[in-house]
Amino acid sequence: MTTSPFMHLFRRGAVSAAALALSACASFMPPTQVEVVVAPKWEAPLPHQGAVGSLAQWWQQQGDPLLVELITAAQTVSPSVSQALTRIESSRANQALANSALLPNVSAQASASRGVSQPNVPVSTNQQIGLQAAWELDLVGANRAVSSAAVAQLEGTQAQWHDARVSVAAEVANLYFSLSTCHQLLGVSQNDAASRQETARLTDISARAGFVAPSVAAMARASAADGKSRVTQQAAQCDITTKGLVALTAISEPELRKKLTQALVKNAQAAPISVALVPAQTVSQRPDVFAAERDVVVASAQVGSAKAQRYPRLSLNGSIGALRVSSGGVEQDVSTWSFGPLALSLPLFDAGQRAAGVKSAQAAYQNAVVAYQGKVRNAVREVEEALVHLQSTDARSAESLVSSQGYAESLAATQARFNQGLASLVELEDARRNALASESAVLALRLERNQAWVALYRALGGGFDLAATQAAVQ
């Protein structure tokens, strides 16, 4: 099979242009990797349990199927996750468009006509078919820079999709743990209200018998009303939290309440996580940091593309065609080909438009670099804060339990003395108030610790892995 002169020249032009584009594009683009100074170790104490490599499946390790179900449901209907998927599809389309500029544009044409073109000439039939090709040889890598930017942008949007899923999972988990604590607090309030009501009943009997003053009975009734009000308030808070889960998961409220009742969500507790010793290793697992790094790559490619606009551009056109003419019983076949024009355009004067484009792209690049560096510092800060919260809740747990147990024993002793007429109602109410506050503090501390684990999960990136993320969004 012979090669036409057009195809031979086309191939030589392609090889030469690709080599030139690779060298020119690299010289135009600023660095895509930015140096960021990260602390060599964590300042906050690290937890000593769990495995950092299991973050992607952390929710399954909680041993709570309902929590996993709620997170999956919320991620399915989340607007932020859906928008992230839309951005991925848009980035894929942009990548395909950018890649198409690197290859020749080939089109086929076919036509047929029949008629008389001159007097006294038989009717003729013309049939024509051909191929036309056009290609910008990308001398200095402008199109290649755009293609590199499109790849980086796609990877960045994929990381943002993972980040959106992590955010939704963390929000659901925090509400779920809050609801668990709310139910426990509701139980504490109900027991307290029942105790107050019983005290009010007995005190009222004693007042009618003349053993205690009417004012004491009035105080007992007020205390019972206060306890009942606290139950109502706590139940309302649980209802509000439940409705928040309904909004996040799109599960109907009756169905969700049924699931919550069956799951007995009263002692939900987050599983522990370990943290890598080196902050730099942890930062690399953050999808938002990865996306910010991809933004630097995109901005760098855009600088290269803007600079390339100031240099000559070379375009090549060509065509191959076949013509058949049939007239008066005579047929004639004609083959045609053309190479060119090989057009070179050189920008001479644009009133500073291209120079302004370069400056704008360079400013955007600097902004992307600063944003990336800020993301890295913020990632370290969030991990440090989560570690401090964990250490704080762990250190307070023992004291909180001792306090709760002591106040509970004090309340029991005061209640016994009150029943024997050896303690006043004021003493009983004071003991009851301390016991209620300390038991509530224990539950609030458990919730704070669960939320600290969730915050650490988010700060560690939720098990981000680019290859796994790309496979999930195919």
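Hi everyone, let me start at one threonine: Thr157 touches Arg87, Ile88 and Ser91, leaving aside residues up to four places away in sequence. Contact here means heavy atoms within 4.5 Å. This is a predicted model, in which local features need pLDDT of at least 70 and side-chain atom pairs count only at pLDDT 80 or more, while totals for chains, interfaces and linings use all residues. Residues are numbered from 1 along each chain as its sequence is written, and side-chain values use heavy atoms, with hydrogens and water left out.

Thr157 sits in helix α4; helices are DSSP runs of H or I, at least four residues, numbered from the N terminus. Is Thr157 buried or exposed? Its relative accessibility is 8%, so Thr157 counts as buried. For the cut-offs, buried is under 20% relative accessible area, exposed is over 50%, and partly exposed is in between, with a 1.4 Å probe and protein chains only.

A search of the whole structure finds one, taking a disulfide as a pair of cysteine sulfur atoms within 2.5 Å. The partners are Cys182 and Cys238, with their sulfur atoms 2.1 Å apart. That pair links distant parts of the chain, since Cys182 belongs to helix α4 and Cys238 to helix α5, 56 residues apart. Both cysteines are buried. The torsion about their S-S bond is about -110°, so this disulfide is left-handed.

Now the core. By nonpolar core I mean a set of buried Ala, Val, Leu, Ile, Met, Phe, Trp, Tyr and Cys residues joined through side-chain atoms within 4.5 Å. The largest one has 72 residues, and Trp58, Trp59, Phe177 and Leu456 touch the most other members. Elements giving two or more residues to this core include α2 (65-77), α3 (79-100) and α9 (353-419). Which element gives the most? That is α4, with 15 residues.

Last stop, α2. In this helix Leu66, Leu67, Leu70, Ile71, Ala73, Ala74 and Gln75 are buried. The buried residues of α2 pack against α3, α4, α5 and α6. Expected span is 1.5 Å times one less than the number of residues, so the 13 residues of α2 should span 18 Å; the end C-alpha atoms are 19 Å apart, which agrees.

Thanks, and I'm happy to take questions!
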